[in-house]
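Have the model open beside you as you read.

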Amino acid sequence: MITISLLFLNEKNMRLITTLMLLFVTVFTQAQNSAVGNSEKLTYTASYNMSGILTDLAEVTMQTSEVKTSSATLLRLKCTATTYSKWDSFFKIRDLYESYVSPKTLTPYLYKRDINEGGYYKFMQYKYSHKTGTVKSLKRKKRKDGKFWEENKTIKVGSTTRDLVSTLYKLRTLDFSSYATGTTKSFTVIFDNEENTVNFRYLGTETINTSIGEKNCYKLAISLSNNDVLKGSNDNLIWLTADSNKIPVYAKFKIPVGNGELKIKSATGLKN
């Protein structure tokens, strides 16, 4: 039954699911100047509903680390997704998303997205020029003949536009404890060379059981403006601990081809 359902998930749908898995994890991981240390590691199990059975497909990790350059020390925000070995023969995923930012302001300087999914390969890189309000974009894709196609662009962006990873880390500087239920915050994100608006709505607190214990959590809903990828007004949710660490512990998503979950497995390197 599971194998039959998998056949209906074409490569485009699988890439969509993987991107959402990474999005839900990166949304609620804090930056160094909030509560996260420079050697934090969060590990999650990503599951997808197949024929009514929630099936574990991949492991998603988020890590922070310091990177020293000739002129500054940056914070590397790294997110990876890897299918479990038993699924590799069907659809092997090895994805990397990372952003290099200022530890204090979270201003991004470099972003990379390197995805390898079921034989589909794509590389994206953004280099920011904050003085000119532009991003130098490099896109590289693998063609059917095995050769690589490359495109370079300079894109004009808004003063608050960021890549997916650095934008969602920036969200972690918000104080949800001071928000009234129903409060919504919006951010402009550049993804695949296009600016998109991501909305976050605070739904209050809720206590849930997790692999790292019972946690009182902030509960938030996620939506995209002018985009029907995420279905329903309250079907895409995430819970983060209502403490100084604000660890993301559980998330649910619903998309046109089904629904899935992310559950935390472990958390190390926390500041508090």
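What follows is a set of questions and answers about the labels used for this structure.

Q: What should I know about the model and its numbering before I start?
A: This is a predicted model, in which local features need pLDDT of at least 70, side-chain atom pairs count only at pLDDT 80 or more, and totals for chains, interfaces and linings use all residues. Residues are numbered from 1 along each chain as its sequence is written, and side-chain values use heavy atoms, with hydrogens and water left out.

Q: How many helices and strands does the protein have, and what makes a strand a strand?
A: The protein has four helices and 15 strands.

Q: Why is strand 13 called largely enclosed?
A: Buried means under 20% relative accessible area, exposed means over 50%, and partly exposed is in between (1.4 Å probe, protein chains only). Five of the five residues of strand 13 (residues 237–241) are buried, so the rest of the structure largely encloses this strand. Both of its faces are covered, with Leu-237, Trp-239 and Thr-241 buried on one side and Ile-238 and Leu-240 buried on the other. Across the protein, buried residues make up 49% of the 272 residues.

Q: What makes Glu-214 count as exposed?
A: The relative accessibility of Glu-214 is 60%, so Glu-214 counts as exposed against the cut-off of over 50%. Glu-214 is found in strand 12. Leaving aside residues up to four places away in sequence, Glu-214 touches Thr-207, Ile-208 and Asn-209, where contact means heavy atoms within 4.5 Å. Its C-alpha atom is separated by 9.7 Å from that of Thr-241, 27 residues apart along the chain.

Q: How do you know that strand 12 and strand 13 pair?
A: Two strands pair if DSSP finds at least two bridges between them. Strand 12 and strand 13 have five bridges, in the antiparallel sense, so they meet the rule. Tyr-218 stands opposite Leu-240 in strand 13. Leu-240 also stands opposite Pro-248 in strand 14, and four bridges join strand 13 to strand 14 (residues 248–255), again antiparallel. Strand 13 and strand 14 form a hairpin with six residues between them, and Lys-246 in the turn has a positive phi of about 50 degrees.

Q: Which bridges join strand 11 to strand 10 and to strand 12?
A: Eight bridges join strand 10 to strand 11, and eleven join strand 11 to strand 12. Both pairs run antiparallel. Thr-188 has Thr-197 in strand 11 as its bridge partner, while Glu-206 stands opposite Cys-217 in strand 12. Strand 11 and strand 12 form a hairpin with two residues between them.

Q: Why is Asn-193 called buried?
A: Asn-193 has a relative accessible area of 15%, so Asn-193 is buried under the 20% limit. Its phi is also positive, near 70 degrees, and Asn-193 lies in the loop between strand 10 and strand 11 (194–210).

Q: What makes a set of residues a nonpolar core, and which residues have the most contacts inside the largest one?
A: A nonpolar core is a set of buried Ala, Val, Leu, Ile, Met, Phe, Trp, Tyr and Cys residues joined through side-chain atoms within 4.5 Å. The largest has 53 residues, and those with the most contacts inside it are Val-60, Tyr-97, Tyr-126, Phe-176, Leu-220, Trp-239 and Val-249. Strand 12 (residues 213–224) gives the largest share of this core, five residues.
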